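Have the sequence and the 3D view open side by side.

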Amino acid sequence: MLTIKNLTAGYGGPNILHDVNVTIREGEIVTIIGPNGAGKSTILKSIFGMTKIEHGSIRYFEENLTALPTSEIIERGICFVPQGRSVFPSLTVEENLEMGAFIRKDKKVVRKDLHEVYEKFPKLYERRHQLSKTLSGGEQQMVSLGRALMLQPRLLLLDEPSIGLAPQIVTEVFEKCRQIKAAGTAILMVEQNATLALEYSDRGYVLELGRNRLEGAGKDLLQNKQVGELYLGK
Amino acid sequence: MLEILPQVIWYSLIASAIYTLIAVGLTLVFGILEFINFAHGEMAMVGAYLLLAFLVNFKFPFWLAFILSFVAVAILGIVLEKLIFKKVRKSHPFKPLVISIGVSALLQAVVILIFGGGVTSYLQTGDQPAQTFEFFNGNLVITDHQILLIAVAFVLLIALALFLKFSKTGKSLRAVADNKEVAAIMGINVDRTISIIFGLGSALAAIGGMLIGGEQNLTPTMGLALNVHAFAALILGGVGNVYGALLGALIIGFSENFIIAFTPIPPSFREAIVFAILILMLIVKPNGLLGANAEAEVRK
Ligand SMILES: Nc1ncnc2c1ncn2[C@@H]1O[C@H](COP(=O)(O)OP(=O)(O)OP(=O)(O)O)[C@@H](O)[C@H]1O
Ligand SMILES: [Mg+2]
C-alpha cells in the first residue's frame, strides 16, 4: 500500500537518508531498526512531509504523497504517532483524542470515533477528564495510540512506541499493535527494542547511516547472525 | 482614611480589568511563540486612537466606531505577525522581542504623525457628561462608563475562557501551545492558529485601550505603561496561562492603587511600584503563582 523508493532526504543541510527503499503491504506490521541517528525517524517524518526530499518517491496506492499537505495525508488514512511523549500535556485525555479527529467536520462522527477508541482502551475512558500530564508514561502512550486511531487509519506510523516504558507495559503496547493489525490497520514502526518488535513484525528493515542494510521477514532477521550481534545483544 | 476604601477598591477593579484584557493577548502569544511582544500595548493605544478618529472625525455612532476599531486592530495584529514576526519564528526568542520593540516605536511614530504627540481625550466630542451613581454616602462614585468597562471586560474574559475550554478552535489553540509539531501532525494548521491568536489578542487589547481611553487621556505612549502592567501581571501569574494573567492583573491593580491611596508614595511612582512588587514576588515564587512549570516551558 505504501512504497518508498530511492528516497534521499534531509532537513535542509546534508542529506540524512540515501536511496532508502521501504514497502508496506496491507495488513502488515513492518519494523525499521537501526542505531541512534540512522535516520529511522526521518523516514517516518518524510512520509508526513516534514523533511526536504531531494529525490525519490513516496507512493500510497499509486498516489504520490510528497506534494500533499498533512491534512490530506491524514484524510487518506495515514496517522502518525511521533517519537517521545507526544500527548498534549495540558489537554485532558478526551481533548487529546478529539485532536486526533481534528480534520473531521462532523461532531457526531467524532463522538462515535471517541466511543470506539474507549472500547479499545477502557482505561482511557476512566481517565477521560484527567489532564494528560498527570498520566503515567504507559498511559500517555496509550493516549497517543488511541488518538492516532480516532480516524480508523489504514496505515499507522509509530516512532518508538515502547521507549521509556517498563517491560510489562512494553508488551502491552505490542499486544495493542497486534490487535490494531487484526482490525485491519497496517503498521510501520521504528523500534529500539528490536527483539520484541521483530517478534511482532511480519517484516523488518535494518537501517544504517541512512541506507538500507538488510531486510527480511521478522523471524529471519531475528535468526540473522549480523543482526543478532549488532542489535539484539546476542 | 477608611471612607475612601470603596472608591480605591473600585479603581483597583477597573485597573485590573484593563490589565487583564491586555495581558491575555501577551500570554496567549507567549504560550505559542515563547516571546514577549512589546508591541502588544500599542494595540491598545492604536485601538484608542482609532476610536477617537471614528467618533470625532467621521462622526460614526459609538457602537460602529467601537466595532470598526477592534476589528481594524485585530487585522493589524494579524498582518504584523504575517509580515514581521513569522519571519523570525524559528529564531531565538530574543530576535522577535527586539523586533517587537521596534514595531512598538514605529506604531507610536505613525500615531504621532496622524494625531500629534499631545494629549487628547474622547470628551472633546461634546458628549453629555457621564452619568454618575453614588453609594456609601457619596464615598463611592461610579460612572456609567465605568460600569460598562467592568461589564465588557467581565463578559469578554468569560467568553474567552469558554472559547478556549470548549470550542474546537479553542482546543486546537491549546494543543498548538503545548506542541506545535504534534499539532501539525494532527492536521491542525499552525499558521492559521497563530493568526487567530494575534487577531484575538490584539482585539482584546484594543478594547482595553478604548475602555481606558474613556477614563483617562490618550497619549501616543499610553501603550507602553499598559504593557508594563500587563507584562508584570503575566509574570506574576505565570506565563502562558490565562487565569494566571487574571490573577496577576488583580494583584497588580489592587496593590498599586492601595499603595498610592494609603501610603505617602506619590502616583508618579506607579511603574516603580509595579516593578517592586514584581521583583518581590519573583524572589518568593520564581515561576509565578500559577506557573509551576513556567521555567521548564521557557527552556524547552
Ligand atoms: N529537525 C531536524 N533538523 C536537522 N537535523 C535533524 C533533525 N532531526 C533529526 N536530525 C538529524 O538527522 C539524523 C537522523 O535522525 P533521526 O531522528 O532520523 O534518527 P533515528 O534513527 O530516529 O535516531 P533515534 O534512534 O535516536 O531516534 C541525526 O543526525 C539528527 O541529528
Ligand atoms: Mg528516532
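In this predicted model, the axes of helix H5 (residues 144–166) and helix H6 (residues 168–178), both of chain B, come within 5 Å and cross at roughly 75°. Anything from 65 to 115 degrees counts as roughly perpendicular, so that's the label H5(B) and H6(B) get. Who's doing the touching? On the H5(B) side you'll find B:Phe163, B:Leu164, B:Lys165 and B:Phe166, while H6(B) brings residues including B:Lys168, B:Leu173 and B:Arg174.

Now hop over to chain A and look for the magnesium ion (ligand 2). A:Ser41 holds on to the ion through OG and A:Gln83 through OE1, at 1.9 to 2.2 Å. A:Ser41 sits in helix H1 (residues 40–47) and A:Gln83 in the loop between strand S6 (78–81) and helix H3 (93–100), so the pair ties together parts 42 residues apart in sequence. How accessible are the two?

| Residue | Relative accessible area | Class |
|---|---|---|
| A:Ser41 | 16% | buried |
| A:Gln83 | 40% | partly exposed |

Chain A also has an open sheet: 4 strands in the order S2-S1-S4-S5, with antiparallel pairing. Its edges are strand S2 (15–24) and strand S5 (63–64), each pairing on one side only. Strand S1 (residues 2–10) pairs with S2(A) over 6 bridges, and A:Ile4 stands opposite A:Val22 of S2(A). H1(A) packs on this sheet, touching S1, S2 and strand S4 (52–60), and its direction makes about 70° with that of S2(A).

Terms used. Residues are numbered from 1 along each chain as its sequence is written. Chains are lettered from A and ligands numbered from 1 in the order in which they are written. This is a predicted model: local features need pLDDT of at least 70, side-chain atom pairs count only at pLDDT 80 or more; totals for chains, interfaces and linings use all residues. Side-chain values use heavy atoms; hydrogens and water are left out. Donors are N, O and S atoms within 2.8 Å of the metal (3.2 Å for Na, K and Ca); water is not among the atoms, so sites may look incomplete. Helices (H or I, at least four residues) and strands (E, at least two) are DSSP runs, numbered from the N terminus. Buried means under 20% relative accessible area, exposed over 50%, partly exposed in between (1.4 Å probe, protein chains only). Axes are lines fitted to C-alpha atoms, for helices over the stretch in contact, and angles run from 0 to 180 degrees between N-to-C directions. Angles under 35 degrees count as roughly parallel, over 145 as roughly antiparallel, 65 to 115 as roughly perpendicular and the rest as oblique. Contact means heavy atoms within 4.5 Å. Two strands pair if DSSP finds at least two bridges between them.
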